[in-house]
Amino acid sequence: MTATDGPRQSHHLLLRRLHSLSGLVPIGVFLIFHLTTNASVVWGAANTRMPGEGLERGVQTFQHEVSWINDMPGLLLIELSLWLAIGFHSILGVVYAVGGKPNVGAYKYPDNWRYTLQRLTGYVGIFFIFYHVATLRWGWSFLVPGGTVWSHEYAASTLAAALRGSYEGFTGAGIAVSIGYFLGVTCLVFHFANGLWTSAITWGLTVSEKAQKRWGMVCAGLGVGLMGAAWMALIGFLLTDPVDARALEEGMLSGAHEVQAEQDEGAIGSAEPGREP
Amino acid sequence: MAIAYAHESTADQRRANRTRAVEGRTVLCRVRRCDGPGKAGRWESFKVPVEPGMNVIACLKHIAQNPVTVDGNTTTPVVYDAGCLEEVCGACTMLINGMARQSCSCLIDEYAPLEGDTITLEPMTKFPVIRDLWVDRARLFQSLTRVKAWVPIDGTYALGAGPKESPEVQQDRYDMSECMSCGCCLEACPQFTIEPDEASWDTSFIGAHAISQARLFNGHATGKELKNDRLDELMNPGGVSECGNAQNCVKVCPKGVPLTESIATIGRQVTIRSFTRFFSGK
Ligand code: SF4
Ligand code: SF4
Ligand code: FES
């Protein structure tokens, strides 16, 4: 090996391995938390601490989770590192993906389909995440049918309205967005589960074929679970009536103030009783 | 009858085909021809009477005796490469019904069992064609030199007896040692693409076979001496991280070389090596 090999190889392998790592941490870990939080609109129905029943409880549980996340310390830092990681993983991913020539036409093995799908779902995922973050986080409401702006104080109702296309009911464009969400999350969950499996080969954790199979079962299990959470959440939000949800969220907002007011023993809390939505 | 391409036909199907092969039949041999490097290709079909147990090479030899196509045009004998004729040298590898395998061990009975069935022969696509079915596998061998796939014993004095090898390690390494440098694993790999420019062979994907040979020699008591050199090369562009885990290689390897296990093992060795280099600088 000549001296000039040094930087060349460290950068090459380092970038490849960072690409693998960034997909797991922070992106993959975030995906797990994000999807389970979303699914709280459904599993929240079992949350007896919330008033009402069924989806009403779900809507409030979801709102409770969202508020909790919004109060997290260093949230912007977490967000920034996520955006950086996603940007890095996406750009390198595309660079790597264009170097290969999928050949499922000639070699129709399931593993070869996995390889090809990993690349396809990556491309879809980039578009989906961009749309998702731009509309629901950066407030690019011109991309949302009906122009709904997502708000973390009215998390379920604004999301439900964005998915339906309006507060009043489903519109054609709204259905298109909902289908887009279904495809987007499905692709991303597959991409993560499969990436988790291949990363174990890349890093050399699973060496023998048996170990790869065993780890494959774990990843498939996790993938099925996450897929369930993702679809469950989507169904939950599609069944959520934005107007009803809005009323529940209003209730929580004023309720939160009451609690706050009690805690402050009426000192400041009572200064703003009837808060406008 | 529609013929299943090799990749669609399982070993069971091929065995079944052998038992129902019709004696005294004539099959159509469809060959992709090319007059030389860079020249345009063309198809030519030949009628070949099949003898029991006939292989593809015998089929090509029959054509060479009387190279007349089904259209009645006299042409040249089909050019191909071969060596051992017993599936140990890898020279005769070509695409048979769309999938890479050895023409010396490929029986017509398994692919074209009935009267009038077609068997299609094409050169491999990941290596430059020299002529007809004969390709230049030089890059495959260059990959082996990149990872120093040998045991360093050259010297100016006798080195004496080598270290002992345990039977377990021997057993592990045996499967890898069966590689015959045929190129099937590269032909099937979506990450290994044809690279006509020889200058870029040092940085283009090295291929599953070379990764596996690096593991073979890294596991050898004397071959270990070059382990770091091999791993350093496999950390370079075109090294092990170029693999996309499609795992086609292991499925098409005619020798059953455990390629995906080798890729993962080298992945592990490279992980450890890169941490060592990072923290110790060596
Ligand atoms: S690993 Fe298998 S397919 Fe690849 S060159 Fe060796 S024998 Fe051929
Ligand atoms: S596992 Fe790697 S080397 Fe083997 S076919 Fe897939 S990409 Fe190629
Ligand atoms: S001639 Fe050697 S493998 Fe076929």
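Domain bounds, as used here, come from an automatic or database domain assignment. The structure is a predicted model, in which local features need pLDDT of at least 70 and side-chain atom pairs count only at pLDDT 80 or more, while totals for chains, interfaces and linings use all residues. Residues are numbered from 1 along each chain as its sequence is written, chains are lettered from A and ligands numbered from 1 in the order in which they are written, and side-chain values use heavy atoms, with hydrogens and water left out.

**Exercise 1. Describe how chain B is divided, and how its two domains meet.**

Step 1. Begin with the bounds: domain 1 of chain B covers 11–134, and domain 2 of chain B covers 137–280.

Step 2. Taken over C-alpha atoms, the centres of these two domains are 31 Å apart.

Step 3. Contact means heavy atoms within 4.5 Å, and in chain B 16 residues of domain 1 touch 15 residues of domain 2 in this sense.

Step 4. Buried area is the accessible area (1.4 Å probe) that two parts lose on being put together, summed over both; for domain 1 and domain 2 of chain B it is about 1400 Å², with 59% from carbon and sulfur atoms. On the side of domain 1, the residues that lose the most area are E87(B), K126(B) and F127(B), which together account for 46% of what that side buries.

Step 5. With a salt bridge defined as a side-chain nitrogen of Lys or Arg within 4 Å of a carboxyl oxygen of Asp or Glu, the rule finds one across this domain interface. A salt bridge also joins the side chains of E87(B) and K255(B), at 3.4 Å from N to O.

**Exercise 2. Describe the elements of chain A and its contact with chain B.**

Step 1. Helices (H or I, at least four residues) and strands (E, at least two) are DSSP runs, numbered from the N terminus, and chain A has nine helices and zero strands.

Step 2. The contact between the chains draws 36 residues from chain A and 40 residues from chain B, and the two chains bury about 3200 Å² between them, 48% of it on carbon and sulfur atoms.

Step 3. Two salt bridges are found across the interface of chain A and chain B, and R16(A) forms a salt bridge with E242(B) through their side chains, at 2.8 Å from N to O. In chain A, α1 (5–38), α5 (110–136), α7 (172–202) and α8 (209–239) each give two or more residues to the side that touches chain B, and the largest share of that side, eight residues, comes from α1(A).
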